[in-house]
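Please keep the sequence and the model open while reading.

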Amino acid sequence: MSKSHWEGSEFSSRLTSPRTEGQDSQNCQLVRITSSSTSSLMSATGVSDRGTYGATAYSTVRGSPGELSPINSTPSSPRSRMTDIFSASLVSNTGYVHIEDDPEVPSEHDNMTSQALFKCKQKVLKPYLRLLSFLGWHPIVSGMSDRWWARVINTVYPVVVVIIIVLGYIVQYALCYRRLPNRYDKEAQKYDNVTFNSTLLCHPGVFTNYVIPDILHAAAFLYSFYVIRWKENEHMVTLMERVFLQTSSIHSGWLSQPRLIKVLRALLWLNVIWVVVSICGHALHVTALTQGAENRYNPHFLFFHANGTAHYALLGLLLAGLLAMDIVYASVMTNYAIQCHLLLTHMRCTMVRTQQKLVTLPQAMKDMSDEMQYLRTLNDKVATAVSLLLFNVMSLFALRLWDLFNSPPTALYMSASFMRTFVMLALLALPLVQACRVTNAGYALQRLGLEIAVRPFGYQDTPAAEIYSFQLFTSCLQPRAKLFRVPIHASWILSICLTLALALLVALQLDFIKTSL
């Protein structure tokens, strides 16, 4: 083997000492393969590790003393910043070691950083990116942007998603179907016999019941597409990586990495469950309206008369449009909830590491400054789409709550009303609860400087000027999660809920709200 081959490779090897008498007469060579790519993420997060960023694989090759066995390898391609994981396989009949790339199985010799980033990618990041890809917010074919067919798919697929959503808007109006209570469906029956030349209106509230909600929904979808697909969205991946690196050294409690993985995956599964329950609620609602004698609802299209196959095809298109709209609702809220949970976990890890003096006060201030930048991105970009949809969600929840109290005394219709009210309540509560949790974590971070200044356990040898600088820095922080550009506090949300609950109870007791319950 030529000398240049060994000089061009990034391998380092050393020979073990000869075995003592009574052991195997053959010696072992220990070959160490290290990744050529390193990441600046180590220094950015303040995580130190004795190993190299990436994985390290070891294998032994039997050979004669003082002789290197040849290694069959080729220069590796550029690695992603997630992890570099290699595996080595021994071919005993030739005495050669073959090195092959296997990113799915980490070696037992991988350092803590590689293991944390591998779990981040496999357990959370991949399912999260699949969710975004399903809506067209992320390239559906990633890693092949240089191929023409990949560019075509990544361009055409979002257009198809937009067309399905727009057709859902149109078919809902054509069918006079909306997500509102039954009294509007009764009014829509006045137009059951409308012909193509008639005025294409379901009822006088077409602008408030169709146009405004659909505009808000479309604006939220397009804004999320712009922020996630076209704007720089690396902050989400970077935040996830940093949180996984910080929790890799915590093995128990609420901040442990297994707990973090469970919560994030639970949020992704809640997204799926919410969509399924919402579609079932729509199906029950239409079935109850169609079968009920008092609330007879005959699905009829305004634009033309459709019978037989065409009628059921349009009903299927309506279901597809409702499904796409519900997925947008759930995905926008889930995206916000995931980023909120990552940010508050990052804040709590910073607080714990500072209290235990695992980091210096200047490094803690740097971490807090980065967290405020992440919070500004959350409030300015991600929360905007959530705020647009919350207008629709709050109005739908109020109307469906009214419909729940005035639903006909049939099991089918009451089940549909309860299910439709519950899904709106869950969708409304998720972003509000997560925003309150982020604000509470920010308050705890703001009080940290005062706690260290009053009781400097572990910081007795730290200069007083440094402690006071840290206290001044934390007191100037404004870590508040915002929706509608308004800070969200748990006390405010609780006060509003109690006031509305009291008003609802009084209205029911005074018969201002008629109920069939």
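How many aromatic pairs does the count come to? The count comes to four aromatic pairs, where rings of Phe, Tyr and Trp (its six-membered ring) pair if their centres lie within 6.5 Å, and planes under 30 degrees apart count as stacked, over 60 as edge-to-face and the rest as tilted. This is a predicted model, in which local features need pLDDT of at least 70 and side-chain atom pairs count only at pLDDT 80 or more, while totals for chains, interfaces and linings use all residues. Residues are numbered from 1 along each chain as its sequence is written, and side-chain values use heavy atoms, with hydrogens and water left out.

**Aromatic pairs**

- Tryptophan 137 and phenylalanine 221 form a tilted pair, 5.8 Å centre to centre with 40° between the planes; tryptophan 137 sits in the loop between helix 3 (112–134) and helix 4, and phenylalanine 221 in helix 6 (residues 206–230), 84 residues apart, with helices (H or I, at least four residues) and strands (E, at least two) taken as DSSP runs numbered from the N terminus.
- Both tryptophan 137 and phenylalanine 221 are buried, where buried means under 20% relative accessible area, exposed over 50%, and partly exposed in between (1.4 Å probe, protein chains only).
- Tyrosine 173 and tyrosine 210 form an edge-to-face pair, 5.2 Å centre to centre with 90° between the planes; tyrosine 173 lies in helix 4 and tyrosine 210 in helix 6, so this pair ties together parts 37 residues apart in sequence.
- Tyrosine 173 counts as buried at 14% relative accessibility, and tyrosine 210 is buried as well, with a relative accessible area of 4%.

**Salt bridges**

- A search of the whole structure finds five salt bridges, each being a side-chain nitrogen of Lys or Arg within 4 Å of a carboxyl oxygen of Asp or Glu.
- Arginine 242 forms a salt bridge with aspartate 370, their closest N and O atoms being 3.1 Å apart; because arginine 242 lies in helix 7 (residues 234–247) and aspartate 370 in helix 10 (residues 361–405), the pair ties together parts that are 128 residues apart in sequence.
- Arginine 242 is buried, with a relative accessible area of 4%, whereas aspartate 370, at 21%, counts as partly exposed.
- Aspartate 367 forms a salt bridge with arginine 353, with the closest N and O atoms 4.0 Å apart; aspartate 367 is in helix 10 and arginine 353 in helix 9 (residues 309–355).
- Aspartate 367 is buried at 1% relative accessibility, and arginine 353 is buried at 12%.
- Arg242, Arg353, Lys366, Asp367 and Asp370 are linked in a network of salt bridges.
- Aspartate 380 forms a salt bridge with arginine 485, the closest N and O atoms being 3.0 Å apart; aspartate 380 is in helix 10, and arginine 485 in the loop between strand 7 (482–483) and strand 8 (486–487), 105 residues away.
- Aspartate 380 is partly exposed at 37% relative accessibility, and arginine 485 is exposed at 56%.

**Nonpolar core**

- Of the 83 residues in the largest nonpolar core, Tyr336, Leu342 and Leu483 touch the most other members, a core being a set of buried Ala, Val, Leu, Ile, Met, Phe, Trp, Tyr and Cys residues joined through side-chain atoms within 4.5 Å.
- A second, separate core of six residues includes Val171, Leu175, Ile279 and Leu322.
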